[in-house]
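Here are a few friendly notes to read alongside the model.

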Amino acid sequence: MLGKILLATDGSANSRKALEFAVEMALRYEAQLYVLHVISSMQIPIEILEYASAEDIEDSAASVYLERIGKKIIRQSEKECKATGCEYVHTVILRGDPADTIIEFAKEESFDVIILGSRGFRGIKGKLLGSVSRKVSHAADCTCIIVK
């Protein structure tokens, strides 16, 4: 039986397919659906970080921009879930490495299954370093479903 489903999304086309699949599962099993977006840590030049620190600026422009996008992705995902009649939808935004953050959150919250798209917005970097979905499926403690 499934009680808690974790959907990791980055707003890509494959994430949208994963959302549809996750909603169907949540409805079928009357499970709680958690929709997670991870704001990826970016490489910001050291000079900018030093300036921000000296001026007591906590958030960089890039960080604020990524957070706004993340909130929009989460709001849209929640709206799509609720439009299908899925009642138990929770949304979460976290920061960090996407694969590591998904794995850690799933373990801490004892999810029964993680659902994610097969490929997101990582492009050539994802192909060279390995996709988030592959890393999650190999390292997670629970069942993982990768949707194409």
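1. Y34 and F111 are both buried (under 20% relative accessible area with a 1.4 Å probe, protein chains only; over 50% is exposed, and in between is partly exposed). F111 counts as buried because its relative accessibility is 6%. This is a predicted model, where local features need pLDDT of at least 70, side-chain atom pairs count only at pLDDT 80 or more, and totals for chains, interfaces and linings use all residues. Numbering starts from 1 along each chain as its sequence is written, and side-chain values use heavy atoms, leaving out hydrogens and water.

2. How many aromatic pairs does a search of the whole structure find? There are 2, counting rings of Phe, Tyr and Trp (its six-membered ring) with centres within 6.5 Å; planes under 30 degrees apart are stacked, over 60 edge-to-face, the rest tilted. Y34 and F111 pair edge-to-face, at 5.0 Å centre to centre and 80° between the planes. Y34 belongs to strand β2 (residues 32-39), while F111 sits in the loop between α4 and β4 (113-117), 77 residues apart; helices (H or I, at least four residues) and strands (E, at least two) are DSSP runs numbered from the N terminus.

3. F105 and F111 make a tilted pair, 5.6 Å centre to centre with 45° between the planes.

4. K4 lies over the face of F111, 4.8 Å from the ring centre (the criterion is NZ of Lys or CZ of Arg within 6 Å of the centre and within 35 degrees of the ring normal).

5. Helices α4 (residues 98-108) and α6 (residues 132-139) have axes that come within 9 Å and cross at roughly 35° (lines fitted to C-alpha atoms over the stretch in contact, with angles from 0 to 180 degrees between N-to-C directions).
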